[in-house]
Amino acid sequence: MTLPLCTAAEMREMDRITIEELGIPGVVLMEMAGRAVAERVAALAPGLIGYRVAVLAGAGNNGGDGYVAARHLAGWGADVTLFVLAPEDRIRGDARVNYDVTQRLAIPTVSFAADGPPGDLAALLAEQDCLVDALLGTGLDSEARGAYRQVIEAINAARVLTVSVDLPSGLCADTGQPLGVAVEADHTVTFACPKLGLATHPGVEYAGEVHVVDIGIPRHLAAEVGVRRHLLEESDAEALLPARRLGGHKGTYGHLLALAGSPGKTGAALLCVRAAARVGAGLVTLAVPEDTLMAVAPQCIETMCAAYAQSSTSLSASECALALSNLARGKTALVAGPGIPTSEAMGEALRELLSHLTIPAVLDADALNLLAGRRAALGPPSAPRILTPHPGEMARLLGVAPAEVQADRVKSALEAASRFGVLVALKGARTVVATPEGEVFINPTGNPGMGSGGMGDVLAGMVGGLLAQGLPALDALRLAVFAHGLAGDRAALKVGQHALLASDLLEALPEVLRGWEASRGAPGVGS
């Protein structure tokens, strides 16, 4: 099962059902949450006796969790100081119950409510061993201002081990974007379900290591309130890997047609087809112009090659479309885009091919650029279609600036999937997979070393190779995205992130797939 990722509204509804319908008091949930935060701090500390902890808390439930954490840490021997930003009369409900307990226990408390934080707050916080950020929770929907902004900036300037409660203060729970400024946490203890913003970029950089804690809110409530965002996990990907039948042969595992490559861009084609073969496609045919054929053919040891035009610079749209249609006969999937010619004639030929194509197709790179602004060419398709844009290509598809795409990557991916009636993988840090029906899957694998040429060509080939074997389109896309990132992580362990190349990822891919085969007990595969 994929891990549900909740929006702020969905989490509030889960809280409400737990408290009002199931009858678990909110103060009980707060006790569980605050104690979990205290336990995380204790696990990080070399020893709690005399360990200096500053708990920075606001007026709401997030602050209430902080008050509970302060009580437990003080009881276990830590040297705890409370820094409170809200006037006492604004601390209400369950949070007030727990605040009053800290005062009766005489936990040292500094209030910023009247005069605001002192100018030397960052220096004061730097004297602590650990900071607990319990300022602002998931309800924040505008920029952090005033004293809250000053305290967040002081926390970041102090450069002390920081544990955030549920969500780093100032971070948007739904997009992962900082609302003006956000706490840069080392650890985040979140409750019941991870918040969507903790799993997307740039939220992952603010959250640090995320710890999901059960505080008594039943996980099944996520489905009841309609959670449709999920975090992919390795068990999900492994379960999607197609089995190899004992009597299988090259015809059993499909035939992929890869429309890729042109003069100067032969590497894109080779990476694409090698990736398709590596994920188990039975047969792969690379379609290139004749002026590219001689450059790639000697390197296509396991791949067949065919020409669809004499020259990449003088294409005839009609002749090219006819040739591609003929090549598509008998194939079980298509990949189009990596390194293809970018002429208008190529665009016309591609649109003509897609207009009657009845096999699943992956559109990547220059195929997306040639089709941008041509909504009719993108969908709704007669067979499953997958788009794999990077943020720049997505911006062209949607007619917006790349910064707008990156400001809410989930929203952008969903918009493209819905508008064109296709599956979408918005590439980048924490690749977003979206369906036309509104489902979203966030991929946690991958690393910054994968920001180099050819990585997308490998992913396109992997998706196409899995489609060719008959996997449902969404399964093929989720499996390929997760395995692609995991192979990149494995490769980075060997060569480092700075030196990581797409070919290194390809070399690491067999290790990933072999490990999954072995864990599933595939015949003839040892550990």
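Student: In this predicted model, at what angle do helix α2 and helix α3 pack?

Tutor: Happy to start there. Helix α2 covers residues 26-44 and helix α3 covers residues 61-75, and their axes are 7 Å apart. The angle between the two is about 55°.

Student: Which word describes the orientation of α2 and α3 to each other?

Tutor: An angle under 35 degrees would count as roughly parallel, and one of 65 to 115 as roughly perpendicular. The two helices pack at about 55°. That is why α2 and α3 are called oblique.

Student: Is the crossing of α2 and α3 left-handed or right-handed, and which residues of α2 and α3 make the contact?

Tutor: The crossing is right-handed. From α3 the contact takes in Asn 61, Gly 64, Asp 65, Val 68, Ala 69, Arg 71, His 72 and Leu 73. From α2 it takes in Met 30, Glu 31, Ala 33, Gly 34, Arg 35, Val 37, Ala 38 and Val 41.

Student: By class, how many residues of the contact of α2 with α3 are nonpolar?

Tutor: Good follow-up. The contact has 4 polar and 4 charged residues. The nonpolar ones number 8.

Student: Now the other helix pair: at what angle do the axes of α13 and α14 cross?

Tutor: Helix α13 spans residues 317-328 and helix α14 spans residues 344-356. Their axes come within 8 Å, and the crossing is right-handed. The two helices are oblique to each other, with a crossing angle of roughly 40°.

Student: Which residues in α14 are met by α13?

Tutor: On the α13 side, the residues are Ala 317, Cys 320, Ala 321, Leu 324 and Ser 325. Over both helices, the contact divides into 8 nonpolar, 2 polar and 2 charged residues. The partners in α14 are Ala 345, Met 346, Glu 348, Ala 349, Glu 352, Leu 353 and His 356.

Student: Which strands stand at the edges of the 11-stranded open sheet, and why is one side of each left without a neighbour?

Tutor: The order of this sheet is β1-β9-β18-β17-β16-β15-β14-β13-β10-β11-β12, with mixed pairing. Neighbouring strands are turned by 20° against each other on average, direction ignored. Each edge strand has a single partner, so one of its sides has no neighbour in the sheet; these strands are β1 (3-5) and β12 (304-309).

Student: Which residue in β17 is the bridge partner of Ala 425?

Tutor: Strand β16 (residues 423-426) pairs with strand β17 (residues 432-434) over 3 bridges, in the antiparallel sense. Follow that pairing from Ala 425 and the partner in β17 is Val 433.

Student: Which strands does helix α11 touch where it packs on the sheet?

Tutor: Helix α11 consists of residues 266-278, and its direction makes about 165° with that of β11. The strands it touches are β10 (255-259), β11 (283-289) and β13 (333-336).

Student: Which strands stand at the edges of the sheet with 7 strands?

Tutor: This open sheet has the order β4-β3-β2-β5-β6-β7-β8, and its pairing is parallel. The twist averages 20° from one strand to the next. An edge strand has a single partner, so one side is left without a neighbour; the two edge strands are β4 and β8 (209-213).

Student: Inside that sheet, are the residues of β6 that point either way buried or exposed?

Tutor: Strand β6 (residues 162-165) pairs with β5 (residues 130-134) in the parallel sense over 3 bridges, with Ser 164 as the bridge partner of Asp 133. Thr 162 and Ser 164 point one way, and Val 163 and Val 165 the other. All four residues are buried.

Student: Is Ala 365 buried or exposed?

Tutor: Ala 365 sits in the loop between β14 (361-363) and α15 (366-371), and its phi is positive, near 50°. Most residues other than glycine have a negative phi. With a relative accessible area of 14%, against a cut-off of under 20%, Ala 365 is buried.

Student: And Ala 106, buried or exposed?

Tutor: Ala 106 also has a positive phi, about 60°, and lies in the loop between α4 (93-104) and β4 (109-111). Its relative accessible area is 59%, and the cut-off is over 50%. Ala 106 is therefore exposed.

How values were computed. Residues are numbered from 1 along each chain as its sequence is written. This is a predicted model: local features need pLDDT of at least 70, side-chain atom pairs count only at pLDDT 80 or more; totals for chains, interfaces and linings use all residues. Side-chain values use heavy atoms; hydrogens and water are left out. Axes are lines fitted to C-alpha atoms, for helices over the stretch in contact, and angles run from 0 to 180 degrees between N-to-C directions. Angles under 35 degrees count as roughly parallel, over 145 as roughly antiparallel, 65 to 115 as roughly perpendicular and the rest as oblique. A crossing is left-handed if the near helix is turned anticlockwise from the far one by less than a right angle, and right-handed if clockwise. Contact means heavy atoms within 4.5 Å. Ala, Val, Leu, Ile, Met, Phe, Trp, Tyr, Cys and Pro count as nonpolar, Asp, Glu, Lys and Arg as charged, and the others, Gly among them, as polar. Two strands pair if DSSP finds at least two bridges between them. Buried means under 20% relative accessible area, exposed over 50%, partly exposed in between (1.4 Å probe, protein chains only).
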